[in-house]
Amino acid sequence: MSADSDRATAQFLDELERAKGQQAAPVPESRKKTFGTIVAVVCAGATVGLCAALWPFLSPAIRKHCLPYVPATTAQIENVVAACRQGAAPRTIADLGSGDGRIVIALAKQGYRAAGYELNYWLVLYSRWAAYRAGVSRLTSFHRQDLWKADMSKFDAVVIFGVAEMMSELRSKLYAELAPTARVVVCRFPMPGQPPASTIGVGIDRVWTYLPPGAPQSNLQSPGAPPSPLQDAGQAGAPHAGITAPERIHESPRL
């Protein structure tokens, strides 16, 4: 038994040595090329997908007027709603550069019909989803459209979070399209060359309300309310709990 065991052990050790001495079979060249192609395709696809996802957020930097997406603060939204409630209440409101749709949704919660115009496709989709979740999709609409090409003649009020470089040109466009009774609510940067009819808030949350040249100041003298057809339809009701009246409202001299 001992001799048999010794022979088996010796045979096992010989086989082990031969296995160590053998080199692994080389990988075929065709398999290497296939693997490299798969890696290249995956990397290229990931790069294209990432660029497609980020492009709507990066493209504003190369436009004539850089208008990046900057979410509005809660105080800014409250001040915008307060500005729209001044005087004769508008029936339809447009938000130019509506971003994530929070202003449009806040206005709809007050009973207004509001439309958002935004070039970022992902933000438009998100805004529609957020409006649906908030239960105001019937009062809102969101459009993927350049604000310079959008027709503002059908709106009673326009809200804009613009930049200083675009305000003069935008003022000409809006006053050429809006009715004399309309108003323009401006955030962050006031319109040049015209005193505001009223201002609400302070600091970065301040908003300015402008009336077309020749419009009566009385348009803003009494608190407004959402249009009665929406109230009759049960779409309006009491102000939303998240919207409160601002502490500071200053009216400028008659234009």
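The following legends describe close-up views of a predicted model.

**View 1. Overall fold of the chain.** The predicted chain holds 7 helices and 8 strands. Of its 255 residues, 40% are buried. Among contacts with a separation of 6 or more, 70% are between residues 24 or more positions apart.

**View 2. The largest nonpolar core.** This core has 29 residues, and Val80, Ile103, Leu107 and Val159 are those with the most contacts inside it. At least two residues each are supplied by H3, helix H4 (102-109), helix H5 (121-134), strand S4 (157-161) and strand S5 (183-187). Another core, of 23 residues, lies apart from it and includes Leu147, Val163, Leu170 and Tyr175.

**View 3. Surroundings of isoleucine 103.** Leaving aside residues up to four places away in sequence, isoleucine 103 touches Ala72, Ile77, Val80, Asp95, Val159 and Phe161. Val80 and Val159, two of these neighbours, are listed with Ile103 among the residues with the most contacts inside the largest nonpolar core.

**View 4. Helix H4 and its cover.** H4 is mostly covered, with 6 of its 8 residues buried. The buried residues are Ile103, Val104, Ile105, Ala106, Leu107 and Ala108. Their cover includes the helices H3 and H5, together with strand S1 (92-96), strand S2 (113-117), strand S3 (140-143) and S4. After H4 comes glycine 111, which has a positive phi near 105°.

**View 5. Alanine 131 in helix H5.** Alanine 131 is placed in helix H5. Its relative accessibility is 1%, so alanine 131 counts as buried. Beyond residues up to four places away in sequence, alanine 131 touches Ile105, Val136, Ser137, Thr140 and Phe142. Ile105 is one of the buried residues of H4. The C-alpha atoms of alanine 131 and alanine 106 are 9.5 Å apart in space, while the two residues are 25 apart in sequence.

**View 6. Glutamine 76 in helix H3.** Glutamine 76 belongs to helix H3 (residues 74-85). With a relative accessible area of 1%, glutamine 76 is buried. A polar atom of the glutamine 76 side chain lies 2.9 Å from the backbone nitrogen of threonine 73. Not counting residues up to four places away in sequence, glutamine 76 touches Phe161, Arg188, Ile204, Asp205 and Val207. Val207, one of these contacts, is part of strand S7.

View 7. S5 pairs with S7 in the antiparallel sense over 4 bridges, and cysteine 187 stands opposite valine 207. Strand S6 (residues 198-200) also runs antiparallel to S7, joined by 3 bridges. On this side, isoleucine 200 has valine 207 as its bridge partner.

**View 8. Hairpin and loop around S6.** The hairpin of S6 and S7 has 6 residues between the strands, and its glycine 201 takes a positive phi near 85°. Arginine 188 lies in the loop between S5 and S6. Arginine 188 is not a glycine, yet its phi is positive, at about 75°. Its relative accessibility is 29%, so arginine 188 counts as partly exposed. Arginine 188 is also one of the residues touched by glutamine 76.

**View 9. The salt bridge in helix H6.** A search of the whole structure finds 1 salt bridge. This salt bridge joins lysine 173 to glutamate 177, with 2.9 Å between the closest N and O atoms. Both residues lie in helix H6 (residues 164-177), 4 residues apart, or about one turn of the helix. An α-helix has 3.6 residues a turn, so residues three or four places apart point the same way. Lysine 173 is buried, with a relative accessible area of 10%, whereas glutamate 177 is partly exposed, at 25%.

Notes: Residues numbered from 1 in each chain as written. Predicted model: local features only at pLDDT ≥ 70, side-chain atom pairs only at ≥ 80, totals over all residues. Heavy atoms only, no water. Buried < 20%, exposed > 50% of the residue type's maximum accessible area, 1.4 Å probe, protein only. Polar contact = N/O pair within 3.5 Å; in protein donor to acceptor, adjacent residues only side chain to side chain. Contact = heavy atoms within 4.5 Å. Salt bridge = Lys/Arg side-chain N within 4 Å of Asp/Glu carboxyl O. Core = buried A, V, L, I, M, F, W, Y, C linked by side-chain atoms within 4.5 Å. Pairing = 2+ DSSP bridges.
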